Amino acid sequence: MSQTRYHSLIYFTLLAIAWGGAVLFVLSFKDIQGDWDHAACGVWGCSPPLAAVGVCQAIWALVLFPIILWVNRVCPQRVARITANTLVAVGLLASLVIVIYEIFHWLLFVQPEHRIYFGHRIALATLTQVEFPVVMLLVSGLVLRGISSFNSSPETIRRTLEASDE
């Protein structure tokens, strides 16, 4: 086995161990309880335990962020931007689906004086949606967009050209 391949194997093994450790660390927070567990309760509904929701969102982040970092590192900037725009578009489309669902399953059946809390209901439904990573798709798409635009900024291109001239 060549020296470079050996170092790559060690590098990726250490990354996998670090990622697994991060997952275990995040999962250790699932049983934390406090007075804030159901703090988001009202006529719009009641949230599940916030620690559980936070853990689920963090797991989605641990799944998505290595992928976007890989896309940014390996793929051309155009592909990274298309991927970022796709992630944001899917997140916005999922948010739209949540809004439409809540219109037909909550807004139409709630008392008229409680309809002013529709924004609260949408926020609760979106943030506690852990089966599909609506929030993390939006965040990871925006992060990838920011990273890819930073990498292709005129100053970065100028520095790269200057480094290649030396």
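1. Contact, as the word is used in this note, means heavy atoms within 4.5 Å. By that criterion, and not counting residues up to four places away in sequence, Ser148 touches Asn72, Gln77, Ala80 and Arg81. Ser148 is found in helix H5; helices (H or I, at least four residues) and strands (E, at least two) are DSSP runs, numbered from the N terminus. At 0% relative accessibility, Ser148 counts as buried, where buried means under 20% relative accessible area, exposed over 50%, and partly exposed in between (1.4 Å probe, protein chains only).

2. On the basis of the note: this is a predicted model, in which local features need pLDDT of at least 70 and side-chain atom pairs count only at pLDDT 80 or more, while totals for chains, interfaces and linings use all residues. Residues are numbered from 1 along each chain as its sequence is written, and side-chain values use heavy atoms, with hydrogens and water left out.

3. Overall architecture. The protein has six helices and zero strands, and its pattern along the sequence reads α-α-α-α-α-α. Of the 166 residues in the protein, buried residues make up 28%. Among contacts between residues at least 6 apart in sequence, 70% join residues at least 24 apart.

4. The salt bridge. The structure holds one salt bridge, a term that denotes a side-chain nitrogen of Lys or Arg within 4 Å of a carboxyl oxygen of Asp or Glu. The partners are Glu102 and Arg121, whose closest N and O atoms are 2.8 Å apart. Glu102 lies in helix H3 (residues 77–107) and Arg121 in helix H4 (residues 118–127), so the pair ties together parts that are 19 residues apart in sequence. Glu102 is buried, with a relative accessible area of 5%. As a general point, side chains of opposite charge can pair when their charged atoms come close.

5. Helices H3 and H4. The axes of H3 and H4 come within 10 Å and cross at roughly 125 degrees; axes are lines fitted to C-alpha atoms, for helices over the stretch in contact, and angles run from 0 to 180 degrees between N-to-C directions. That angle makes H3 oblique to H4. In this scheme, angles under 35 degrees count as roughly parallel, over 145 as roughly antiparallel, 65 to 115 as roughly perpendicular and the rest as oblique. The crossing of H3 and H4 is right-handed; a crossing is left-handed if the near helix is turned anticlockwise from the far one by less than a right angle, and right-handed if clockwise.

6. Residues between H3 and H4. On the H3 side, Ile98, Val99, Glu102, Ile103, Trp106 and Leu107 meet Phe118, Arg121, Ile122, Ala125 and Thr126 of H4. By class, the contact of H3 with H4 has eight nonpolar, one polar and two charged residues. Here Ala, Val, Leu, Ile, Met, Phe, Trp, Tyr, Cys and Pro count as nonpolar, Asp, Glu, Lys and Arg as charged, and the others, Gly among them, as polar. Within H4, Phe118, Ile122, Leu124, Ala125 and Thr126 are buried, and what covers the buried residues of H4 includes H3 and H5.

7. Helices H3 and H5. The axes of H3 and helix H5 (residues 134–151) come within 8 Å and cross at roughly 155 degrees. H3 and H5 are therefore roughly antiparallel to each other, and their crossing is left-handed. The residues of the contact of H3 with H5 divide into 13 nonpolar, 10 polar and two charged.

8. Ile68 and Ser140. Ile68 lies in helix H2 (residues 50–74) and is buried, with a relative accessible area of 3%. Leaving out residues up to four places away in sequence, Ile68 touches Leu87, Ser140, Val143 and Leu144. The C-alpha atoms of Ile68 and Arg145, 77 residues apart along the chain, are separated by 9.6 Å. Ser140, which lies in helix H5, is buried, with a relative accessible area of 0%. Apart from neighbours within four places in sequence, Ser140 is in contact with Leu64, Phe65, Ile68 and Leu87.

9. Lys30. This residue is found in the loop between helix H1 (3–27) and H2. At 45% relative accessibility, Lys30 counts as partly exposed. Lys30 touches Ala51, Ala52 and Val55, not counting residues up to four places away in sequence. Although Lys30 and Ala52 are 22 residues apart in sequence, their C-alpha atoms are 5.0 Å apart in space.
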